[in-house]
Amino acid sequence: MAAEIYRAIADGILIGGVYALMAVGLTLIFGVLDIINIAQGVLVVLGAYLSYSLSARLHLDLFVGLLVTVPAMFIIGVVIHYAFIRRLRGQERTAMTLLVTYAVALIIEGILYEIYGPNYKELNATYVTNSIHILGFYLPYIYLYGFALAVVLVAALYALLYRTRFGRSVRATMQDETAARLIGIDVNKVAAITFGVGVAVTATGGMMFGATNGGFNPNSGYDLISRLLAIIILGGMGSIGGALAASIFMLTVESLVTIWSPQWAIIVFYAALVIVLVVRPTGFFGRAPVRAQ
Amino acid sequence: MNRSTTLKLAGLAVVAAIAVAFPYVYSSPVNTNYGVYGLIFVTVASAWNIFSGFSGYISLGQAVFFGSGAYTVGIAARDWHMNGDGIFLLLPLGAVVATAIAVPFGLIALRVRRHTFIVITIAVFFIFQLMAYDFWFTGGTIGLPAPFLPWQAATFNNPFYFMALGTAAVTIALAWLIRRSKFGLQLRAIKDDEDRALGLGVRTMRVKLSAFMLSAFITGFIGGVWFLYITQVLPSSGYDPLFDLTIVLMAFLGGVGTIAGPVIGALIIEPGRLWLTTRSNIGWLANGYVSEILLGALFLVIVLFVPRGIVPTGREWIKKLRSRGRPAVSPTGTAERATPAGSRR
């Protein structure tokens with residue numbers, strides 16, 4: 001029993017790292033643009049398919065393939081922002097961005113179905129199938145690599161936000177858009193690049209998802225988006241470290257409940273969200289919302 | 001009575017006459033099927049609008065009430081061994097159960113606003129879908145069948161058509177009454193500035209919760225009607241994430257917060273969607289994936305080009321036509337208020 005619990009905790013923490021890779025893009029986009037990107041789930045799947053094509057057709061290593069998929073997804077993100085998101089303003093923006101990003105998700109999903117069909121695909125590599133023996137249980141290498149990648153990426157995003165000139169303008173835009181505009185920040189450009197970066201990070205999340213989830217198809221995005229939303233709300237929307245912490249917390253809870261009953265584990269996942277928000281409406285790391293005027 | 005009121009009443013009478021005559025003129029079940037689905041969605045979109053459209057709290061959990069109404073009728077009919085026409089007496093029970101669910105749901109979700117509220121409604125929605133899959137009394141993945149109704153196939157749809165029509169009419173009338181009442185004013189004050197409304201003495205929680213429960217009651221009722229009509233409910237059809245987004249799209253296409261908007265939106269989108277998925281025999285359209293891409297593209301066109309909805313946009317055009325040549329009079333800058341100062345990008 002005790003061994004099972006340790007195992008579940010280790011699994012939860014490591015898979016939590018994979019979810020963090022998928023969730024940081026969502027929370028970053030929310031923090032800067034103030035929109036919920038419903039397409040995030042499908043973008044993860046798109047990232048997985050891009051990695052799949054590179055490794056199945058060109059026999060590129062999964063991690064080397066990221067050098068291609070990350071810039072490609074960055075461009076996709078900037079295009080989505082430029083074509084659709086940029087135009088939305090006004091009172092109903094919250095709901096409209098939901099509908100627009102959902103429409104984008106539908107279109108991407110349809111295209112993926114056209115190209116790859118509905119059959120489940122999986123990313124393969126030696127480090128996906130091989131395991132390492134530590135502390136009495138076996139862990140696939142990919143989990144360890146993924147967790148390391150998550151920590152490195154979160155650190156890199158922090159460096160980008162807190163140590164660069166671009167990061168300063170992003171944070172200025174997060175705090176007060178009008179003031180940022182007044183001191184000469186090109187807010188539209190900041191928003192476009194942030195959207196691009198958010199989607200680019202998702203490419204790595206997609207690769208890890210494809211390697212660890214045990215199969216994916218174009219429809220996998222729907223289950224994902226609700227989990228990712230639960231994670232970023234819990235972490236405090238817009239907080240990147242919060243997303244990492246909440247991913248690890250949620251996946252550990254889920255993995256612990258799985259020992260007892262696999263089918264109820266996923267409900268506990270959402271119930272945890274509801275309970276935490278009853279106690280603390282801004283999530284773990286969220287700031288109290290500034291009253292909009 | 002002035003001329004414009006007379007015109008409006010006459011128009012309403014014509015619409016009502018067309019709605020009543022429809023199943024007699026186009027009596028084939030294929031046509032009445034469009035009518036039944038269209039009216040079910042008119043009801044749900046209007047019910048959604050009474051809460052979300054008026055108060056500005058965009059809910060993506062309306063399917064919780066729809067599915068719960070359907071499941072309540074199904075479970076009660078099975079456990080109480082009911083069949084025949086008597087099962088229609090269970091519809092109010094479905095509505096009451098949906099309303100009872102709305103109380104804890106609302107007490108939790110209505111504490112938070114905007115995006116967080118939306119995500120909580122999604123989370124609650126998934127909790128209900130998963131419960132429908134996993135509880136011992138819901139029939140699991142195979143769902144529940146409705147009791148058999150020994151009616152003739154040729155006219156099977158008609159009673160459902162009139163039931164849906166009646167529910168839709170009551171819902172629209174309620175929406176109209178609420179919009180004109182103090183209650184509706186309080187809801188709209190919450191949409192504009194909830195803190196200020198609270199400061200002015202609006203009991204915001206009570207107002208929001210009442211509207212949420214009313215919306216749930218109507219949706220639960222029509223969910224039961226839908227269940228008896230299609231004679232089966234599954235966790236994936238009763239609690240369908242697409243359902244939630246579709247009714248939001250309907251309301252937005254027509255015009256959120258207006259009375260006619262959700263009705264028009266539902267009557268355009270639902271028959272269109274039904275035709276695309278079932279009846280279109282154009283080769284490349286029949287491919288399910290292409291129709292999905294088309295649906296997404298349609299969403300984009302609506303939101304990007306008619307962002308405020310058909311009804312408000314249409315009203316503006318009429319106003320422009322009337323004031324042709326003369327400078328339009330805009331009392332205290334109502335026209336300018338379309339872009340509030342606090343808007344972001």
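Author: Begin with the elements: helices (H or I, at least four residues) and strands (E, at least two) are DSSP runs, numbered from the N terminus. This is a predicted model, in which local features need pLDDT of at least 70, side-chain atom pairs count only at pLDDT 80 or more, and totals for chains, interfaces and linings use all residues. Residues are numbered from 1 along each chain as its sequence is written, while chains are lettered from A and ligands numbered from 1 in the order in which they are written.

Reader: In which helix is the place of Asp79(B), and is Asp79(B) buried or exposed?

Author: A residue is buried if 20 or more other C-beta atoms, placed from the backbone, lie within 10 Å of its own, exposed if 12 or fewer, and partly exposed in between. Asp79(B) belongs to helix H3 (residues 62-79) of chain B. Asp79(B) has 9 other C-beta atoms within 10 Å, so this residue is exposed. In sequence, 58 residues separate Asp79(B) from Phe137(B), yet their C-alpha atoms are 9.7 Å apart in space.

Reader: How do I read two packed helices, such as H1(A) and H9(A)?

Author: Angles under 35 degrees count as roughly parallel, over 145 as roughly antiparallel, 65 to 115 as roughly perpendicular and the rest as oblique. Helix H1 (residues 2-33) and helix H9 (residues 187-212) of chain A have axes 8 Å apart and an angle of about 165°. H1(A) and H9(A) are therefore roughly antiparallel.

Reader: How many residues of chain A are in contact with chain B?

Author: Two residues are in contact if their C-beta atoms, placed from the backbone, lie within 7 Å. By that rule, 47 residues of chain A touch 40 residues of chain B. On the chain A side, the elements giving two or more residues are helix H4 (93-116), helix H10 (221-235) and helix H12 (262-279). H4(A) gives the most, with 16 residues.

Reader: What is the mean pLDDT of chain B?

Author: pLDDT is the predictor's confidence in each residue, from 0 to 100. For chain B the mean is 82, and 90% of its residues reach 70 or more. Over residues 332-345 of chain B the pLDDT is below 50. The model as a whole scores ipTM 0.75 and pTM 0.80.

Terms used. Axes are lines fitted to C-alpha atoms, for helices over the stretch in contact, and angles run from 0 to 180 degrees between N-to-C directions.
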